[in-house]
Amino acid sequence: MFSSPSTELVSSHAGIPPSISSLFGTNQVPSPVDQQYVHYILLRFKSELGRVTEEPCRAHTEVEGLEGRLGQINGVISELEALLHPIRRMPTDVMAEVFEHCVHSPEPQRYPVLDAKRAPLSLSQVCQSWRKLALALPRLWKVVRVKFPASSPNWYRLMQSQTTAMRLWISRSQSVPVSLFLTLYDHVIPSRSLALLDLEIMRAGPRIRELSLEFPSPSLYRLLSFMQGPLEFLEYLHLQSTDTFPTDDSIPPLVLPSVPSLKNLSISSYDIDMRGHQVPWAQLTELNLQFRYHPVFSPCNSDYLPILIQCLNLRTCSLEFGNIIEDTISDGVTPVTLPHLSVLNVFVYVKSPYLELFFGALRLPKLRSVTIKYLGFFPLSACFDETDCLGMLNRAAETVESVHFHNLELPEAELSSCLSQLSHLKTLQFYPGRPDRIHDLAAMLTVRIPSSATGHDDRILHQHIICPSLESLHLCCYNHVPVDAIVALVDSRRQFKHQLKALSLKLSTSIYVCDRADEIIRTLESRLSSYVDEGLQLTIGT
């Protein structure tokens, strides 16, 4: 059967005799006369088809021409608008500041790296004038960060490419001291390839202001040749092992005989043995000794006191404690005075008798902020009952303004005695080792005006109130939230002359608290809403 044409097709072609059109859609044979007429009509329609077919071609050609013209017009408009864009009239010094902001942003995702899609390389590819300006600004090239891939089919070729790019980058910084931050995780580079990087670091040594090397131990220890050359500008040195698991390697003793500008030293490894290090300790203003902790392997450290006693200009110190290397402990306790230290951070992984010796030796006449955290893997109650740090705080009571206790088991009497001496304490963060300690602390800090303080005499109040200068309090509750005690604490502190300005309460994820977390939050927010309206910064969450 032949397909039947649409009625619209038949009706739209007048001039076809009914004797022929009536045969459309049938199998009937036209008469001889109609067959001759069909040939005639067919020629006519084919001729018309040719003419109609030419029309879309001409229309398409015309559309292409119009589209081309449209593109030309838009291009000219863009060029003309670009001529009037304010950036063309921006002074060079302003553009230079913009470029520097792009490069030296505080946001980690915008740090300068060896990547054509990131500043400053991306800035140099916009146009000829931008490239000329970028290359004329040495400060754009004073920091370079390289994160090496975890693996490579050809380490030698990769290292050749990376070191060549580093050399070119550093050359653009001209005479400006440079900062190198080099990182590799979980892979050891072959020695032959690593030698290229070691040589490049040593070449840049006289220009380096900051140097950070984060590599697996076997690689890290082959990148220390820079210590053999001049390091006139070196201010910051950070060495970190990035091994997934502990190794038998340890950071070899640093020998830095001539680093006149060194102020900040940071070492991170599975074990920290500071014996044999030849460092100008008296120059340092910041010292960080940290573990790459692994719960299966207990970290070890040597006695820190022989080092600290030499750090007379130290301002900030962060130390981590594991198992003490016994033969490093000094005989007897020699007081260690750090006359300028204002910030001390102590992180404890393993409880040891050495901590009593350490805290007992410290004399910190200008201490302002102290953080002490227990980070051990074992249950706290069995491992850390630390009150020795409180004696250190008592000796620095006249200057301490900020205290952070995390997972410490501190008896109430000793804690109360210590806090009662911190008359200048403004910030207290307390994450207790025992669940019931928040209630004790809240009661301890609640202001109770004695009968002898007639008329709210400030001198008498300061003598009787624990932490009279407290402004910011951060607490963590475990399986019980003492709502009434916390509200009473805030009530009393907001009535006091030195008002509490911020309260942060973290609710533990224990089942008891989680079941009631929303209810507790709503209750506290409701009961403290009037103080929030008056300016109290209240933060409650899980």
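1. Two strands count as paired if DSSP finds at least two bridges between them, strands themselves being DSSP runs of E with at least two residues, while helices are runs of H or I with at least four residues, both numbered from the N terminus. With that in hand, Asn-301 stands opposite Ile-324 in β10. Strand β8 (residues 300-301) is joined to β10 by two bridges, and the two run parallel.

2. A word on what you're looking at. This is a predicted model, where local features need pLDDT of at least 70 and side-chain atom pairs count only at pLDDT 80 or more, though totals for chains, interfaces and linings use all residues. Residues are numbered from 1 along each chain as its sequence is written, and side-chain values use heavy atoms, with hydrogens and water left out.

3. Back to that sheet: it is open, has three strands in the order β6-β8-β10, and its pairing is parallel. The edges are β6 (271-272) and β10 (323-324); each has a single partner strand, so one side of each is left without a neighbour in the sheet.

4. The overall tally is 18 helices and 19 strands. Of the 542 residues, 43% count as buried (under 20% relative accessible area; exposed is over 50%, partly exposed in between, with a 1.4 Å probe and protein chains only). The accessible surface comes to about 28000 Å², and 55% of that belongs to carbon and sulfur atoms (Shrake-Rupley method, 1.4 Å probe; for residues, only the protein chains shown count as cover).

5. On contacts (heavy atoms within 4.5 Å): among those with a separation of 6 or more, 73% are between residues 24 or more positions apart.

6. Glu-100 is worth a click. This residue lies in helix α4 (residues 92-103) and is buried, with a relative accessible area of 15%. Leaving aside residues up to four places away in sequence, Glu-100 touches Arg-139 and Leu-140.

7. The peptide bond from Ala-119 to Pro-120 is cis, with omega near 5°; Pro-120 sits in the loop between α4 and α5 (128-135).

8. Gln-174 isn't a glycine, yet has a positive phi of about 55°. You'll find Gln-174 in the loop between α6 (155-172) and β2 (178-183), partly exposed at 46% relative accessibility.

9. Cys-467, also not a glycine, has a positive phi of about 55°. Its place is the loop between α15 (458-464) and β17 (472-477). Is Cys-467 buried or exposed? Buried, with a relative accessible area of 0%.
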